2 protein chains.
Amino acid sequence: MDPEQIAKAFVDHYYTIFDTNRPGLASLYQDGSMLTFEGQKLAGAQAIVGKLTSLAFQQCKHNISTVDCQLSGPGGGMLVFVSGNMQLPGEEHPLKFSQMFHLLQSSQGNFYVHNDIFRLNYA
Amino acid sequence: MDPEQIAKAFVDHYYTIFDTNRPGLASLYQDGSMLTFEGQKLAGAQAIVGKLTSLAFQQCKHNISTVDCQLSGPGGGMLVFVSGNMQLPGEEHPLKFSQMFHLLQSSQGNFYVHNDIFRLNYA
């Protein structure tokens, strides 16, 4: 399958789950996964999803502007770089963000998120 | 050496070369390196530096806001995620950008840029 297609399918899948069933993101991370969220470091699926489900907003809607992808090297991983914005309830203006994912293949052959770095882009 | 220190040293080094001697960036890429610059894909040190040295502006000054890093997996690589802005000559406002690098160790043990994805953050 084309890496670009995999990246776009992953991005659609990830943010749909984030916006509709955030605890379901647990299935996309593993014990060795890492998240850096606005500079805060979390390790392991449980801690990562704990962080994502305890953010101050209960609802949000991601709108994706760009998706770039590259193969990450000999290990068969894939880098996915996303820019977009998040609409939060009660906020007039959406928040712009950039996020990168490093996807690796699990022993079952599925891609999972090994690395995740998120930053809001302050105007 | 601490990954955070390596990442910060790399970022300082990279943007100092970019701002003062852009052709010198060739030493930081290898034949297998990839750059996606505002969606345009380039492969190999020569093509990458050809792109970077032919951008419309001859001078610029990068100002770095955030540097995040994570180890990328079993291969000993490192992911570096940067946000900041670029001041171009004659422009009143700096341009905000996000950029990610995947650094791998060469056979000589030095880190080089295997993956580079750059996006301007439009306001």
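This is a predicted model: local features need pLDDT of at least 70, side-chain atom pairs count only at pLDDT 80 or more; totals for chains, interfaces and linings use all residues.

Biologist: Fine. What does the secondary structure of chain A come to?

Modeller: Chain A has two helices and six strands. Along the sequence they run α-β-β-α-β-β-β-β.

Biologist: And how compact is chain A?

Modeller: As compact as a globular protein of that length, because its radius of gyration is 14 Å, close to the 14 Å that the globule rule gives for 123 residues. Along the principal axes, the C-alpha atoms of chain A fill a box of roughly 45 × 30 × 25 Å.

Biologist: How much of chain A is buried?

Modeller: Buried residues account for 51% of the 123 residues.

Biologist: What share of the contacts in chain A links residues 24 or more positions apart?

Modeller: Taking the contacts with a separation of 6 or more, 45% are between residues 24 or more positions apart.

Biologist: Let's turn to helix 1 of chain A. How far does it reach?

Modeller: Helix 1 covers residues 3-20, which is 18 residues. From first C-alpha to last, helix 1 reaches 26 Å, close to the 26 Å expected at 1.5 Å a residue.

Biologist: Which of its residues are buried?

Modeller: In helix 1 of chain A, the buried set is A:Ile6, A:Ala7, A:Phe10, A:Val11, A:Tyr14, A:Tyr15, A:Ile17 and A:Phe18. They sit on the same side of helix 1, because they cover an arc of only 155° around the axis.

Biologist: Remind me why a spacing of three or four places gives that kind of pattern?

Modeller: An α-helix has 3.6 residues a turn, so residues three or four places apart point the same way.

Biologist: Got it. What's on the face of helix 1 turned away from the buried side?

Modeller: That face carries the exposed residues A:Asp12 and A:Thr20.

Biologist: And what covers the buried residues of helix 1?

Modeller: The cover includes helix 2 (45-53) and several strands of chain A, among them strand 1 (29-37), strand 3 (61-71), strand 4 (78-87), strand 5 (95-105) and strand 6 (111-120).

Biologist: Now helix 2. Which residues are buried there?

Modeller: In helix 2 of chain A, A:Ala45, A:Ile48, A:Val49, A:Lys51 and A:Leu52 are buried. Seen down the axis, these buried residues fall within an arc of 155°, so they line one face of helix 2.

Biologist: Switching to loops: where is A:Leu25, and is it buried or exposed?

Modeller: A:Leu25 is in the loop between helix 1 and strand 1 of chain A. A:Leu25 is buried, with a relative accessible area of 0%.

Biologist: What does A:Leu25 touch?

Modeller: Leaving out residues up to four places away in sequence, A:Leu25 touches A:Tyr14, A:Ile17, A:Phe18, A:Val49 and A:Leu52. Of those, A:Tyr14, A:Ile17 and A:Phe18 are among the buried residues of helix 1, while A:Val49 and A:Leu52 are among those of helix 2.

Biologist: Nice link. What about A:Asn110?

Modeller: A:Asn110 is in the loop between strand 5 and strand 6 of chain A. A:Asn110 is partly exposed, at 49% relative accessible area, and the cut-off for exposed is over 50%. Not counting residues up to four places away in sequence, A:Asn110 touches A:Leu104 and A:Gln105.

Biologist: Where does A:Glu38 sit, and what is its phi?

Modeller: A:Glu38 is in the loop between strand 1 and strand 2 of chain A. Its phi is near 50°, a positive value in a residue other than glycine. A:Glu38 counts as partly exposed, at 25% relative accessibility.

Biologist: And B:Glu38?

Modeller: Phi of B:Glu38 is near 50° too, and B:Glu38 is partly exposed, with a relative accessible area of 24%.

Biologist: Last one: what rotation superposes chain B on chain A?

Modeller: A rotation of 180° with 0.0 Å of shift along its axis, giving an RMSD of 0.0 Å. That is the relation of a two-fold axis. The same surface serves both copies, with 100% of the contact residues of chain B recurring in chain A.

Terms used:
Residues are numbered from 1 along each chain as its sequence is written. Chains are lettered from A and ligands numbered from 1 in the order in which they are written. Side-chain values use heavy atoms; hydrogens and water are left out. Helices (H or I, at least four residues) and strands (E, at least two) are DSSP runs, numbered from the N terminus. The expected span of a helix is 1.5 Å times one less than its number of residues. Buried means under 20% relative accessible area, exposed over 50%, partly exposed in between (1.4 Å probe, protein chains only). The arc is that of the directions from the helix axis to the C-beta atoms. Contact means heavy atoms within 4.5 Å. The radius of gyration is taken over C-alpha atoms; the globule rule is 2.2 Å times the number of residues to the power 0.38. Copies are superposed by least squares on the C-alpha atoms of residues with pLDDT of at least 70 in both.
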